[in-house]
Amino acid sequence: MKRQSILALLLLGAASCDTVKQHHKLEQLNWVLGTWKMTTEEGQFIETWTKKNDTLLQGSGFFVAGNDTPFREELSIIDRNDTLYYTAITPKNEQVPVFFKERSFQDGDILFENPEHDFPQQIRYKKRNDTNIIATISGRHEGEGHSEEFHLIKQK
């Protein structure tokens, strides 16, 4: 009985360490939380991120041109078994979630990838400082390499 109790405690301790590790990884992305904006001649792109719980960040992105919103997406970053997944839901994909798996993750720089997606195949967020990040979408588009950068400024 004593041996089983010790084994149960060891397993519980190992599971707790694993849970802390998972949550720690998502916490390293706290720098994306908040509202971000980029202004162009055509209008404004706004992206907002909030923390829903220890394994989920929820976001939305939209482009405003005058009184029109020609682009809108629902976003999330999910921690599943110590791997982060970026999910985008857009009208272009008929509201079906598109998943991008974490490919590389360093302090202030995360790259997600889905080589099967039409465009983009890669999404990267890079922290420049506390008030500036660059979001980049890239991959093959109409048979050629293509990349778009969004220089986002923190609003609140």
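Gln-106 has Asp-109 in β7 as its bridge partner. The model is a predicted one, in which local features require pLDDT of at least 70 and side-chain atom pairs pLDDT 80 or more, while totals for chains, interfaces and linings use all residues. Residues are numbered from 1 along each chain as its sequence is written, and side-chain values use heavy atoms, without hydrogens and water.

Strand β7 (residues 109-113) is joined to β6 by 5 bridges, and the two run antiparallel; strands pair if DSSP finds at least two bridges between them. Strands (E, at least two residues) and helices (H or I, at least four) are DSSP runs numbered from the N terminus. The barrel is closed by 10 strands with antiparallel pairing, in the order β1-β2-β3-β4-β5-β6-β7-β8-β9-β10. From one strand to the next, the twist averages 25°, with angles running from 0 to 180 degrees between N-to-C directions of axes fitted to C-alpha atoms.

Helix α1 (residues 2-27) contains Lys-25. Because its relative accessibility is 15%, Lys-25 counts as buried (under 20% relative accessible area, with exposed over 50% and partly exposed in between; 1.4 Å probe, protein chains only). Leaving aside residues up to four places away in sequence, Lys-25 touches Asp-79, Asp-82, Thr-83, Leu-84, Glu-102 and Phe-105, where contact means heavy atoms within 4.5 Å.

Strands β2 (44-53), β4 (68-80), β5 (83-89), β6 (98-106), β8 (122-129), β9 (132-141) and β10 (144-154) each give at least two residues to the lining of the largest pocket.
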